[in-house]
Amino acid sequence: DDLSLRVPGFLLMSSSVITLNISVNGNDKWIAFEFEEMSLISDVCCFIRRFPDAAQGEDCGLFKLHQDPTKGCWLKMNATLKNCGMKNGDLLEYRTRIRRLHVKTLENVIKVILVDDSHSVQKVTESVCNKLGLSNHEEFSLTVNGNNDNCATHSLDDKLDKLRRRYQLGDKVNWLVTHKTLKEQCVSGSMVVTLKKRFFFTDQKLDRSDFIQLNLTYEQSRNAIIDGTNPCTKEEAISFAALQCHIQYGQFDSSKHTPGFLTLTDVLSKEYSSVEYIEALICNEYQKLWEIDKFDAQYKYVQLCCSLPRHGTTFFLVDERKVAGKYISKKNDRLHLFGIGKNNVVRMDVKHKNIVSSWPLSTIRSWSYDSNLFILEFDECSENVYAAKTTEGEIISDFLKCYADIKSQSLLKSNVLVTDDIQVVKNLSYETTDDIQVVKNLSYLTIPSREENEIVLQDCAAYISFHTLHDTHDIKLDFS
C-alpha cells in the first residue's frame with residue numbers, strides 16, 4: 001500500500017479503482033494489480049518496474065491482449081487507463097516494445113533491424129529506411145512475403161488469385177497498412193517483410209551518386225518490366241533487356257554473349273519472350289553499351305522506366321460493379337485492373353493492358369470500403385460513382401490517403417505564395433466556410449486566388465492565413 005501511494009494516481013481507496021491482470025516480462029504468471037482508472041500508462045509502467053523481476057528501461061510498455069490477434073494493441077504512454085478503455089479483468093503484458101524485424105531488400109538480402117513494435121508501419125518504415133541509408137522514407141513501405149496464415153482470408157481472394165494466374169498478372173503484392181502496427185496485421189517475429197518503393201515522386205530526380213537508392217529503385221523498376229505490371233513496347237523491352245544484360249554480365253563479349261546465352265523470361269515479360277529473333281536484337285543493343293558502367297546503366301534503366309506512362313502506378317485486380325454511375329451487367333466486362341498513380345487513378349483492361357478510363361486525383365470527392373467492396377465518388381455528380389468487389393479496399397484506401405498526404409505536405413512545406421486557384425488534399429471532417437470546402441474522407445481546401453489578396457500556407461497545415469489590405473484572417477485546421 002505504501003509503495004502504491006507514492007505514485008500519483010494510485011489511490012487504492014478511490015471509488016474508481018479497476019483491477020488488471022498483468023503478466024510481467026511475458027511469463028505465465030498473472031498478477032492482479034489495482035489502479036485508479038485516471039492513472040497514466042507511463043505511471044503504471046513506472047510502478048511495475050519497482051518489482052524485482054520486471055524489465056527496466058523506457059522501452060518497456062503495456063500490451064493489451066485480445067482473442068483476435070488483429071485487435072491486440074500497445075497502450076499509449078501519455079494516455080490514461082480510462083482513455084484506453086481498460087476494464088476490470090483485462091489482460092495486459094508488461095514487456096519491451098523493441099522487436100527484431102527481418103527485412104528483405106529487393107536484392108534478396110535479409111537484414112535484422114530493431115524496431116519499436118508499438119509504432120505504426122509508417123514509423124517502422126521510416127526507422128528501417130534511416131538504418132539502410134535511404135533518405136526519402138515517405139516513398140517506401142513494407143510488404144508481407146506470401147500469405148499471412150495468422151490472419152483470416154476471404155473466399156473472394158481465392159477467386160481473384162485464380163484470375164490473376166489465368167491472365168499472367170504476377171503474384172499479388174501484400175502491402176501492409178501504414179497506420180496500423182505490425183502486431184495488428186499479424187506480422188510475427190519469425191516473418192520476413194520486404195522493403196519496397198510504394199510511391200513514385202522523386203524517380204526523375206534520382207541522384208546518380210546515391211548507389212543505395214539507385215540500386216533499390218532499379219531492382220523494383222526491373223521487376224515491374226519483367227512481370228508486365230509496367231507495360232512497354234517491343235523496342236523498349238529490347239532496350240531494357242540490353243541494359244539489364246550490361247548490369248548483370250558486364251561489358252559485351254562476342255565470344256560469350258551470343259544468341260542462346262540468355263534465359264529470355266529473366267529479362268523480358270511473357271508478352272515478348274517468345275518473339276522470334278528477339279535475343280539477337282537484344283545482343284545487338286547490348287554491344288552498343290560498352291561506353292557506360294553498371295551504375296550509368298542502372299540510372300538509364302530507371303530514367304527509361306520513368307518515361308513510360310504507367311510507371312509508378314500500383315494496380316489491384318478488381319471485380320467491377322459500377323462505373324460512372326452505371327451498373328455492369330455482363331460478367332466478362334467486370335474484371336479490370338484498378339491503378340493508383342501519383343496524379344490519377346485508372347482502369348486498365350486485364351487482357352490487353354490498355355487504359356480504358358482515367359480520373360485525376362483532384363477529382364476524387366470521397367471513398368469508402370468494407371471487407372469485399374470499394375467505392376469511389378468523383379466531383380459533385382452523384383452518378384459519377386465507381387464501385388468494385390475486392391478484399392483490398394483498406395489497402396486501396398491507404399494508398400489514396402498516403403498519396404494525398406504526400407502531395408499536401410509537399411505543398412504546405414514549400415510555404416509559397418499562391419497565385420492561382422489551388423486545391424490542397426487532406427482527410428478531414430466535413431466543414432464549409434466562405435472560401436474553404438472540406439469534405440469527408442479525401443478532402444479539398446479550395447482557395448480562389450484574388451488580385452487584392454495574398455494567400456499564404458503556413459506552419460505545415462496548422463493555419464491558412466488570408467492577408468487582405470486591412471486585416472489578416474487565420475483559420476485553424478484540425479487534422480486529428
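Q: At what angle do the axes of helix α6 and helix α8 cross, and within what distance do they come?
A: The axes of α6 (residues 234–249) and α8 (residues 294–306) cross at roughly 155° and come within 9 Å. Axes are lines fitted to C-alpha atoms over the stretch in contact, and angles run from 0 to 180 degrees between N-to-C directions. Helices are DSSP runs of H or I with at least four residues, and strands are E runs of at least two, numbered from the N terminus. This is a predicted model: local features need pLDDT of at least 70, side-chain atom pairs count only at pLDDT 80 or more, and totals for chains, interfaces and linings use all residues. Residues are numbered from 1 along each chain, and side-chain values use heavy atoms, without hydrogens and water.

Q: Why are α6 and α8 called roughly antiparallel?
A: Angles under 35 degrees count as roughly parallel, over 145 as roughly antiparallel, 65 to 115 as roughly perpendicular and the rest as oblique. The axes cross at roughly 155°. α6 and α8 are therefore roughly antiparallel.

Q: Which residues of α6 and α8 meet?
A: In α6, they are S239, F240, L243, Q244, H246 and I247. In α8, they are K294, A297, Q298, K300, Y301, L304 and C305. Contact means heavy atoms within 4.5 Å.

Q: What makes F33 and F47 an edge-to-face pair?
A: Rings of Phe, Tyr and Trp (its six-membered ring) pair if their centres lie within 6.5 Å; planes under 30 degrees apart count as stacked, over 60 as edge-to-face and the rest as tilted. F33 and F47 lie 6.2 Å apart, centre to centre, with 85° between the planes. The pair is edge-to-face. F33 sits in strand β2 (residues 30–36) and F47 in helix α2 (residues 41–48), 14 residues apart.

Q: Why do F33 and F47 count as buried?
A: Buried means under 20% relative accessible area, exposed over 50%, and partly exposed in between (1.4 Å probe, protein chains only). F33 has 5%, so F33 is buried. F47 has 8%, so F47 is buried too.

Q: What makes Y249 and F261 an edge-to-face pair?
A: Their centres are 5.5 Å apart and their planes 70° apart, which is edge-to-face. Y249 lies in helix α6 and F261 in the loop between α6 and α7 (278–286), so the pair ties together parts 12 residues apart in sequence.

Q: Why is Y249 called partly exposed?
A: Its relative accessibility is 40%, so Y249 counts as partly exposed. F261, with 23%, is partly exposed.
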